[in-house]
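Let's take a walk through a protein model together, with its sequence and 3D view at hand. We will look at a pocket, then at some aromatic rings.

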Amino acid sequence: VSLPTNARTVAHTGIGAALSSLICIRNDSDEDESYTTRSGEGAISQIDCDVENLALQLLHSLAPFITAMCDHDYENAGLIHSGAVDAACCSLSSNRDPVNTKLGLELFLSIISEVENIGEPMRDAHSSLFVNTVMKHNGFIRRLCATMLHSGAAGNNATQMEPIYGPALSLSEESCANFGSSLHAAVSILFSIAAYCSLTDSLVNTAFWDAFFEKRSRSIKDSSGKQASIVAACAVFLNYLGDEGTGICVPKDVSKLEYYLSVLLPCVRERLLYGLHTAFMEINALSGKCDQKDSSLQNVLHHFGVTQACLSMCTTSANIDSAFTVLETLLHDFPDVTLSAICSENHSLGTVFEMLSIPAESDYNDTKPETLRQFSALALSLAGKQGILGPATKRFGLRSVAIASLSAACLADQLDTGECIEEDLAGSGLSIPTMCIRSLVGVLSLDNKTDEGMIILSSGEAKAISSSLGKKLSEIILARFMKHAEGQDLENDTDPDENDNDVSVTESPEVLLLCALASKKEALSDLCAHGGLDALSLVAAEGETSAILALHEACRGDPSPIIDVEGHVSVMQVIASAKNNASRDVELACMDLLVTLCTETKLGRDAVSDAEFCDSCIEFASHLICSLTSKGGDDLTDNESSVENEVDESEDKKTKKKIDTKKIDTSRILVVEQQLPITLASLSFLTALLSVQKCRENIFQDDKLRECLKLMALYSGPSIVQHAVVLFLSASARYIRKDCTEESYSVHFMSLIFHSVIESPQSGKSKQGFHESNFPAFNNASGLQEECNQNLVHASACSAIECLLCYMTAELRSEITPTLQRLFTAVLDYATSPGKKLERKMRNSGMLICSITSIFVRLLGSAENNVLLLNSSLLNSFIKFAMTNPPKVLPKDILGENKTYWDCALNQCLQCVAVLSIEPYPDVNSFTSWKEIISGAESVPTENKLSGRFQKLSIEMARKRPPSQAASFFSCLRVFIEDSSDPCRSITSKKILERLES
């Protein structure tokens, strides 16, 4: 409406009251919307809507001028006294035209502005008049509530709300006054009415909130659907009020902001939170107990963000008590929806973490900081149990915040008053530190199964957690084990579904976290310094692999910390337990730990040998080894047909018998790849304990083990198994004179085994489809970690023969020496032959040839033994070795430690020649001279070994051989003499030259 220039004068005529009366002729009755007189004398004739609309437009246009009259007569002038409140309420209650709705809302906003800006003396009177007038129009209040509720439900087809407030306002999409839309204007008006009603006398206050919560409606019966709609209305209203900075209800006038934040906003929020809590109580009362399967109610909680709305108020002091009361109800009655809501938004999850670190000195009325921590820890631990916490923290980038907050909260229990600890939010009964630990496991578990221990930790995270929580974590686990030992559950003994009583101690989240931390080297030292080893030891005793592996890592270098907490006893108990149902991985972890303890230090070996379960562990290892030689219950050692030609222990047959390998069914010795680790660990364990007399005696008394070891030494699968067996027998040979008897590990028994090993070219090869693999040869028993092959097996057997040599009979030595000579010649011939060398054949060749030459040196010193070495073939090989000098001419094939062994073997060969050259006739059988032997060695060594085109190729390659290889034996000796870098070789070569040239 276009007003004349004298509009101010028109406003002073009192036309506002007349226009308001004209608009109010139609009554906004609660029962119906028919046009009735105020006195109820009956229906009146239809008023022309155009007249009413025109009146509304005029009143809307004159509103600023009518308000301006308050400056002169604030007691009787203004929109308040002109009936504009009634007019706006009536128009908005009945009008269906969006344009008129917009005009009515703007008119109402002008009224509110007038009330807010009135002078202090009359502000209370105007406010009281305003709310009393508004509360006469219950239909208008309901339309505002319906408009707000429908705006929140928009876009959610799954949530069907009961129309408890009736129809909503007909809104336009245009801006309204200072608001971007008519909807925002309507919500702002509803907030102003709610705020002024809440600050006025109790009757008006009660009337408004009864209308908002539909407590006196006769058309809607009490039902869970009605209460769900009330919950939705409260949630939508709280969400509109959530933005305290630029929200639609925040005053644009900065001077009014403090009053809004400190008085109006908390007042309205408090009533809404009270309504939420009351609605939940009504739902419980209607259904007997809260039905979590009620999809409509859960949809309301999810869609309208009830949990998020309450969380947003839990970090300020104004409404924290009421908000927290609602959150407790939500977590107790609707845990799944509540946890999903917490983990679905960055702000909500961040708020829960923030609640963990509220200072203890904070005073939030009835809600203590530890109560907030308890709620947050419980919610997070439940979310972790459901597997949704870890992915959420990763998705929102809150992982570091979560670790820091939970760690701090876990250590804050000493600041708690203790009043909240006995409370039970959700039937868990867990302490705050325990729930924080479990929440932390949920954060670190990025899959959906935290029970499987899929904890992902970076080195930095492990270091941070162990340094701050190592002691607390250990205390919790130790306390849990103590209670468990007493036959009680640590935390609660009521509901197994809620309290995880059906989960064993080792499957508890705190144990999973401890083991995950212990697996990181960066965290292990902190755990050890704060009692972590005690806890790990107890967990290891339950057969937890990760704890055993952690103890294993901790004992490297210095086993004393592990021994102090009896960690070795724990793993031995797992092995020895009669009720042991441990998996092969657990057994392997235990055996590996025991091997490390027994091999690295005497302290660890003594601790293991003195332990109560040592004999049981020896029995376990022995039984496992023996099981490899049986199939289907038939033990090869008990099969007379397979061992009828074994060593005869009688003195008169001792030198006549050798193990007959033809009658043993070697295909029945099963050593599959899955059995290799535990087999090697068992053999290494027994080998390490041989240095302890009481253990050695126990092992030597096991006849079945002895026979199984014999079979495995000859017929086991991969070379690494055979090598481990030979190492055990070789270690046993050291004690052959003192502890071994003719009935057990006799000289004859072991000599024949070692002889058979080096004699059979197939002894170290794969059987039953095995392939050579690069397994560590010593499996914790040595730091060399050499790759095992046939050369290494033969080298170990030769070392064992060297130990037994002085105890052998002359007949045994005469049988073994030719075999050693053939093996020596075969290794040397391959190394000196033309062509490319295979790495697998050159590997450990130096160790083998050095072991053989060591035996030759041991044989020197008596005429009887010298005879064994004085033959043309062996002497020829000695001279050939010196002339070809493989470690020098094959730098690409012989290198590193292998070269060192080859150099040592060369020196030992020269020592043999130096001693044997005393004899003028080296070959006593044929009277061959030294000159003839040297001449034969200086010829091409491979000419008579190849035929056809290979013969021609060999001769051609021999011509291309390095000069040192084609030089004479004496010239090579002179080179050795002049080389002062190796005094032993130089002096030995000088002796040989003097004796052979004389």
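Which helix gives the most to the lining of the largest pocket? That helix is α5, with nine residues. Keep in mind as you look around that this is a predicted model.

Rolling a probe the size of a water molecule over the atoms shows where empty space is left. The largest pocket holds about 940 Å³ of space. It is lined by 36 residues, and the closest to its centre are Ile112, Glu116, Ser192, Tyr196 and Lys256. Helices α3 (49-68), α5 (98-117), α6 (120-134), α8 (182-199) and α11 each supply at least two residues of the lining. What kinds of residues make up this lining? There are 19 nonpolar, ten polar and seven charged residues.

Helix α11 spans residues 257-287, and Asn284 lies in it. Asn284 counts as buried, because its relative accessibility of 17% falls under the 20% cut-off. Along the chain, Asn284 and Asp333 are 49 residues apart, while their C-alpha atoms are separated by 9.2 Å.

Now for the aromatic rings. The model has 19 aromatic pairs, counting rings whose centres lie within 6.5 Å. Take Trp209 and Phe212: their ring centres are 5.5 Å apart and their planes stand at 70 degrees, so this pair is edge-to-face; the cut-off for that label is over 60 degrees. Both residues belong to helix α9 (residues 202-212), where being three residues apart puts about one helical turn between them. Trp209 is buried, with a relative accessible area of 1%, and Phe212 is buried too, at 0%.

A second pair to find is Phe824 and Phe881. Their ring centres are 6.2 Å apart and their planes are at 55 degrees, so the pair is tilted. This pair links distant parts of the chain: Phe824 sits in helix α39 (residues 810-832) and Phe881 in helix α43 (residues 872-884), 57 residues apart. Phe824 is buried, with a relative accessible area of 0%, and Phe881 also counts as buried at 0%.

Arg696 lies over the face of Tyr735, at 3.9 Å from the ring centre. Arg706 lies over the face of Phe749, at 5.9 Å from the ring centre.

Definitions and conventions
Residues numbered from 1 in each chain as written. Predicted model: local features only at pLDDT ≥ 70, side-chain atom pairs only at ≥ 80, totals over all residues. Heavy atoms only, no water. Phe/Tyr/Trp six-rings, centres within 6.5 Å; stacked < 30°, edge-to-face > 60°. Helix = DSSP H or I, 4+ residues; strand = E, 2+ residues; numbered from the N terminus. Buried < 20%, exposed > 50% of the residue type's maximum accessible area, 1.4 Å probe, protein only. Lys NZ or Arg CZ within 6 Å of the ring centre and 35° of its normal. 1 Å grid on protein atoms, 1.4 Å probe; cavity = no way out; pocket = protein on both sides within 12 Å on 5 of 7 lines; lining within 4 Å. Points joined across faces, edges and corners; volume = space filled by probe spheres on them. Nonpolar A, V, L, I, M, F, W, Y, C, P; charged D, E, K, R; others polar.
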